[in-house]
Amino acid sequence: MTRVFSGIQPSGDLHLGNQLGALVNWVGMQERADCVYCVVDLHAMTSPAEHDPATLRQRTVDAATTLLAVGVDPERSILFVQSHVHEHAECTWLFNCIAGFGELRKQPQFKDKSEGQESVSVGLFDYPVLQTSDILLYHADEVPVGEDQRHHIELARDLGQRFNHRFGEVFTLPKAIHPQAAARVMDLQEPTNKMSKSTSSEKGVVYLLDDPTRIAKKIKSAVTDSATDIRYDRDAKPGVSNLLEILAAATGRSIEDLAAEHDGHGYGAFKTAVAEAVVELLRPIQQRHAELAADPAEVARLLDDGAHRARTIAADTLQRAKDAMGLLPRGAA
Ligand code: TYM
């Protein structure tokens with residue numbers, strides 16, 4: 001059976017970009033694959049300025065609760081917290097010893113996040129190697145992610161291939177799976193930047209738990225352009241194109257159909273349609289979230305069970321990797 005792995009950082013409330021770019025696929029793939037999903041708390045510690053211990057702990061629980069509300073099914077899939085499975089950190093050391101300084105320095109996300117910063121943690125530099133370990137420890141064939149993760153998945157492939165070539169076949173080489181529409185949801189206020197938890201203005205980000213009035217307000221004040229035509233053109237019409245992608249992903253219809261249907265009726269009516277589709281998409285998620293949030297002990301139990309199941313797989317892979325690299329097994333001589 002196909003193995004799927006993906007992760008999400010507990011670095012703020014989950015938003016529409018996460019949902020449409022990744023989580024819709026996380027949920028859908030449970031129908032046909034063996035899925036392992038992870039709240040990557042170790043990754044969320046890589047920017048010291050944003051790392052507050054009490055907040056991190058709370059956000060980890062919130063992210064797990066939201067994943068369950070979105071439809072990650074702990075009966076069928078494994079859901080766990082990264083730091084509960086210490087093999088991820090240990091495996092990172094093994095890959096650190098085959099990853100090149102040059103290839104990590106060139107990683108686009110590292111360049112973006114480190115540029116102009118006075119101090120940059122080694123953790124931020126090593127971030128994609130930890131992500132490689134996440135994916136390869138579970139022999140993932142497919143990794144459902146948004147477009148922004150493409151380079152990280154390529155690095156995981158490269159490092160897995162390099163390891164297998166030097167030390168023997170241990171790791172499966174993964175491929176990224178992106179959604180057809182909304183693989184890169186843009187900020188509603190600055191539609192040339194991706195929608196992100198670490199944005200400067202909350203007005204541009206629709207959070208999964210925003211109430212319907214707030215969602216409608218944010219979408220209706222989305223930046224578009226001074227023309228009136230509704231058509232898909234990322235360069236000339238980034239705001240309208242972003243809304244078309246959101247509507248397509250939320251309704252399961254094609255961008256072409258939606259553009260044809262809405263063109264000529266003005267931006268106001270178009271935005272109302274987008275807002276209604278997003279409110280309907282998020283309504284059941286918000287209802288389930290309220291139920292789950294009322295029972296944190298159950299969420300803790302599910303995560304504990306998930307960590308046990310994840311460890312069984314990760315420990316086996318890590319042992320094989322250590323053996324292949326010539327680390328002396330305990331008790332052997
Ligand atoms: P993170 O936490 O930033 O985002 C989680 C998922 O949401 C997707 N995403 C988006 N998709 C479309 N439009 C957007 N505006 C948008 N913003 C976020 C991301 O692509 C991602 O799929 N490095 C990863 C976490 C990670 C991981 C992994 C992912 C750690 N280990 C192993 C896959 C496999 C990250 O920062 O995602």
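## Chain overview and the setting of Asp 187

In this predicted model, residues 24 or more positions apart account for 75% of the contacts in the chain with a separation of 6 or more. The chain has 12 helices and 5 strands. Its radius of gyration is 21 Å, close to the 20 Å that the globule rule gives for 333 residues, so the chain is as compact as a globular protein of that length.

The table lists overall values for the chain.

| Property | Value |
|---|---|
| Box filled by the C-alpha atoms, along the principal axes | roughly 75 × 45 × 40 Å |
| Share of buried residues | 50% of the 333 residues |
| Accessible surface | about 15700 Å² |
| Share of that surface from carbon and sulfur atoms | 50% |

Now to one residue, Asp 187. It sits in the loop between β5 (175–177) and α8 (212–220). Asp 187 is buried. Even so, it has no salt bridge. The nearest side chain of opposite charge belongs to Lys 203, and it is 9.4 Å away. A salt bridge needs a side-chain nitrogen of Lys or Arg within 4 Å of a carboxyl oxygen.

What lies 3.0 Å from a polar atom of the Asp 187 side chain? The backbone nitrogen of Glu 190 does.

Asp 187 also has contacts beyond its neighbours within four places in sequence. These partners are Asn 193, Lys 194, Met 195, Thr 199, Ser 201, Gly 204, Val 205 and Asn 242.

Conventions:
Residues are numbered from 1 along each chain as its sequence is written. This is a predicted model: local features need pLDDT of at least 70, side-chain atom pairs count only at pLDDT 80 or more; totals for chains, interfaces and linings use all residues. Side-chain values use heavy atoms; hydrogens and water are left out. Helices (H or I, at least four residues) and strands (E, at least two) are DSSP runs, numbered from the N terminus. Buried means under 20% relative accessible area, exposed over 50%, partly exposed in between (1.4 Å probe, protein chains only). Lys and Arg count as positive and Asp and Glu as negative; His and the chain ends are not counted. A polar contact is a pair of N or O atoms within 3.5 Å; within protein, one must be able to donate a hydrogen and the other to accept it, and residues adjacent in sequence count only if both atoms are side-chain atoms. Contact means heavy atoms within 4.5 Å. The radius of gyration is taken over C-alpha atoms; the globule rule is 2.2 Å times the number of residues to the power 0.38. Accessible areas come from the Shrake-Rupley method with a 1.4 Å probe; for residues, only the protein chains shown count as cover.
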